[in-house]
Amino acid sequence: MKEVKNRCLTCSVFFVLFFLFSLLFFQTIDYKSRLLLFFPRRFSNSTLCHGRLRQLKIYMYDLPRQFNVGMLDPKLPVTAESNLAWMGSGGLRRQHSVEYWMMASLLYEGNGENGSTREAVRVMDPDDADLFFVPFFSSLSFNIHGLNMSDPNTVDQKLQRDMVKILRSSNQWIKSGGRDHIIPLHHPNAFRHYRDKVNSSIFIIADFGRTMNIAKLAKDVVAPYAHMVESYFNDDEEDPYDTRKTLLFFRGRTKRKEEGKVRMKLHKMLVGTPDVIYEEGDASEEGFKTSTEGMRSSKFCLHPAGDTPSSCRLFDAIVSHCIPVIVSDRIELPFENELDYKEFSIFFSVNEALTPSYMLTRLRGITEHEWMKMWRQLKSISHHFEFQYPPKKDDAVNMIWRQLRHKLPAIKLSVHRNRRLKIPDWW
């Protein structure tokens, strides 16, 4: 009892001193900001405050169906009552479907049923909006209409051109110059003809491989691919380290261009190595089944760059609870302001990975205790990479909206500065 009284007295003295110190040096008392200085950063930024953040208010443009769900089904109405399960085929159409899931989350009208939750809600009055969402399925448009890249007059190009006209005639766009508008450009070739016409907007991208000259980390959001293999929800073996017999697994196309040339070099180095699987594979149902089995039975899953720094393979590994081995010199990763990938991934530069024996020696040197620690962390964060409808707490689409909320102050600053500038921005 005496010890409790002493603690209470100590706390009382501390707060009296804090009060006097604040009056003397600050002439005001900002209890929240001052007191949070005494708490750990992770606690103050997340546990204490996260639950109090309001939902992001999003105004979604009402576009003709040919810009979005009409590509999936010409008769599909744009309503919450529609069948909002993903109806596209597999392969690239699903990998880059973030545009679809963001739109679906805004159409959802439920509130808490079956564990659903939303970081962002749709508002019908643009004056109430924090940000503006443009539901143009630019990735799907390329995959359906624009694959013949030598043809300058594709349906995809026409949709892009019409989209720019719609935006530039909008009062909301004119007010901000598009700085508070969200445009998904997840496929590396999405919106490729007219990106420079909308480059003040907030892009939802997979990486910066082909948008380096337009996209900026300060304003844009890196979103995960939708994974292609089934999630490993029953991964509860008593001894997963010994159960996963393969040390390192890779299955995919080995012949790529640009950055992807590293895949061919790794293939020459690793093929035929005991306890390593490095094989050619394609995006087919049988291929996904084989990849699922391989990832679930491997300790590490290799993620070398493809045509761009990222690929779906990374997120397949995450939901398979196979420790990602990332080989890239300039990859940007989703949700990195909240997730520390070093806790559940291994990173190699291209030079390190191509140094004979270097990578395998490093992986074989990771102890069972170290691997188990990463594996448990991987299991605990894999739900952040699930796209689903209705959206659920901390899933992929909610995480994307949360990243946009983090960028909102900088976006507002940019919009306000743009309104008063008389000369081109000197920055």
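One word before we start: a residue counts as buried when its relative accessible area is under 20%. Keep in mind, too, that this is a predicted model.

**Stop 1: two cysteines.** Select cysteine 301 and cysteine 322. Both of them are buried. Show their side chains and you'll find a disulfide between them, with the sulfurs 2.2 Å apart. A disulfide is a covalent bond between the sulfur atoms of two cysteines. Searching the whole structure turns up 1 disulfide. Now look along that S-S bond: the torsion about it is about 105°, so the disulfide of cysteine 301 and cysteine 322 is right-handed.

What does the pair tie together? Cysteine 301 sits in strand β9 (residues 298-304), while cysteine 322 is in the loop between α12 (312-319) and β10 (323-327), so the link connects parts that are 21 residues apart in sequence.

While you're here, click on cysteine 312. Is this one buried or exposed? With a relative accessible area of 5%, cysteine 312 is buried.

**Stop 2: strand β9.** Color residues 298-304, which make up β9. Of its 7 residues, 7 are buried, so β9 is largely enclosed by the rest of the structure.

β7 (residues 246-252) runs parallel to β9, and 3 bridges join them. Find leucine 248 there: phenylalanine 300 in β9 stands opposite. β10 also pairs with β9 in the parallel sense, over 5 bridges. For an example, pick leucine 302, whose bridge partner in β10 is valine 325.

Together, β9, α12 and β10 form a right-handed β-α-β unit.

**Stop 3: leucine 248 and the core.** Go back to leucine 248 and show what surrounds it. Leaving out residues up to four places away in sequence, leucine 248 touches Leu270, Asp275, Val276, Ile277, Phe300, Cys301, Leu302, Val325, Met359, Leu360 and Leu363.

Zoom out to the largest nonpolar core, which has 104 residues. Leu248 is among those with the most contacts inside this core, along with Met359, Trp401 and Leu404. Which helix gives the core its largest share? Select residues 396-420: that's helix α16, and it supplies 9 residues. In soluble globular proteins, nonpolar side chains tend to be buried together.

Definitions and conventions
Residues are numbered from 1 along each chain as its sequence is written. This is a predicted model: local features need pLDDT of at least 70, side-chain atom pairs count only at pLDDT 80 or more; totals for chains, interfaces and linings use all residues. Side-chain values use heavy atoms; hydrogens and water are left out. A nonpolar core is a set of buried Ala, Val, Leu, Ile, Met, Phe, Trp, Tyr and Cys residues joined through side-chain atoms within 4.5 Å. Buried means under 20% relative accessible area, exposed over 50%, partly exposed in between (1.4 Å probe, protein chains only). Helices (H or I, at least four residues) and strands (E, at least two) are DSSP runs, numbered from the N terminus. Contact means heavy atoms within 4.5 Å. A disulfide is a pair of cysteine sulfur atoms within 2.5 Å. Two strands pair if DSSP finds at least two bridges between them. A crossover is right-handed if, with the strands pointing away from the viewer, the path from the first strand over the helix to the second runs clockwise.
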